[in-house]
Amino acid sequence: ILNIEVELMNMDELDADMEMTEEEGAYRFENVQYYDEYVVAPYKNDDPTNGVSTLDLVMIQRHILELEKIESPYSIIAADVNGNDDVSTTDLLLLRKVILGIQSDFETNTSWRFIPTTHEIEDPTDPFDFPEKVLLSDLYVSNERIDFTAIKTGDVNGNASTNARQEENASTRNSPKILGIENQNIAKD
């Protein structure tokens with residue numbers, strides 16, 4: 001995902017470095033001291049309406065009413081709009097306020113959540129016990145690769161734009177269209 005802030009915090013020196021991801025989601029820190037302890041944490045909290053629609057509201061509502069359970073643990077995390085580790089009607093109300101423009105953010109949650117790809121979700125029906133950062137004890141490999149799975153808050157069906165090219169296509173698709181019809185005489189039957 002493009003433009004995610006990734007923080008590398010040196011826990012030994014309490015010093016942080018920040019990088020932004022490129023279009024493919026890549027980031028890189030250079031001149032990192034070996035044998036120190038680090039924490040890597042991504043962060044993105046903008047455009048809360050990206051990928052969010054009334055379809056997401058319907059899916060969350062059906063999940064709460066147990067008419068059609070959300071199966072993906074990542075979609076369950078996305079449905080937890082207020083970030084309290086539970087999917088409830090409060091999440092529906094908050095999401096509706098954001099969709100309608102009554103509220104500009106999710107108050108108690110960020111618009112994106114990140115889970116290290118190495119983390120295994122033990123119970124897909126209750127996936128909330130997950131880390132959002134990675135601790136590196138005694139860094140000793142210079143090309144250590146740390147990947148995350150991004151989850152767009154509120155986007156249960158997973159259609160959020162994740163890079164500039166998608167956003168460009170989405171804005172073209174959503175722009176007003178002009179429909180032209182020749183003048184015609186219309187007669188009443």
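Tyr27 counts as partly exposed, because its relative accessibility is 23% and the buried class ends under 20%. Phe29 has a relative accessibility of 16%, so Phe29 counts as buried. The model described here is a predicted one. By the ring-pairing rule, the count of aromatic pairs comes to one. Tyr27 and Phe29 form this pair, with 6.0 Å from centre to centre and 70° between the planes, an edge-to-face arrangement.

**The chain as a whole**

The protein chain has four helices and six strands. Along the sequence, these elements follow the pattern β-β-β-α-α-α-β-β-β-α. Of the 189 residues in the protein chain, 35% are buried. The protein chain exposes about 12600 Å², and carbon and sulfur atoms supply 46% of that area. Among contacts between residues at least 6 apart in sequence, 68% join residues at least 24 apart.

Strand E1 covers residues 5-10. Which residues of E1 lie on its covered face? They are Val6, Leu8 and Asn10, while Glu5, Glu7 and Met9 make up the uncovered face. In a regular strand the side chains alternate between the two faces of the sheet.

E1 pairs with strand E2, residues 15-20, through six bridges, and the two run antiparallel. Glu5 stands opposite Met20 in E2. E1 and E2 form a hairpin with four residues between them. Leu14, in the turn of this hairpin, has a positive phi of about 50°.

E1 also pairs with strand E3, residues 38-43, in the antiparallel sense over six bridges. In E3, Pro42 is the bridge partner of Val6.

**Helix H3**

Helix H3 spans residues 89-99, and its buried residues are Asp91, Leu92, Leu94, Leu95 and Val98. An α-helix has 3.6 residues a turn, so residues three or four places apart point the same way. The cover over the buried residues of H3 includes helix H1 (54-64) and helix H2 (73-79). After H3 comes Gly101, which has a positive phi near 80°.

Most residues other than glycine have a negative phi. Asp47 and Asp85 are listed below with their positive phi values.

| Residue | Phi | Loop | Relative accessible area |
|---|---|---|---|
| Asp47 | about 45° | between E3 and H1 | 41% |

**Lys152**

Lys152 belongs to strand E6, residues 148-152. What is the nearest side chain of opposite charge to Lys152? It is Asp155, 6.9 Å away. A salt bridge needs a nitrogen to carboxyl oxygen distance within 4 Å, and Lys152, although buried, has no salt bridge.

Leaving aside neighbours within four places in sequence, the residues in contact with Lys152 include Pro48, Asn50, Val52, Ala78, Phe106, Ser111, Trp112 and Ala160. Asp47 is also in contact with Lys152, and Asp47 is the residue in the loop between E3 and H1.

Terms used. Residues are numbered from 1 along each chain as its sequence is written. Side-chain values use heavy atoms; hydrogens and water are left out. Buried means under 20% relative accessible area, exposed over 50%, partly exposed in between (1.4 Å probe, protein chains only). Two strands pair if DSSP finds at least two bridges between them. Contact means heavy atoms within 4.5 Å. Accessible areas come from the Shrake-Rupley method with a 1.4 Å probe; for residues, only the protein chains shown count as cover. Rings of Phe, Tyr and Trp (its six-membered ring) pair if their centres lie within 6.5 Å; planes under 30 degrees apart count as stacked, over 60 as edge-to-face and the rest as tilted. Lys and Arg count as positive and Asp and Glu as negative; His and the chain ends are not counted.
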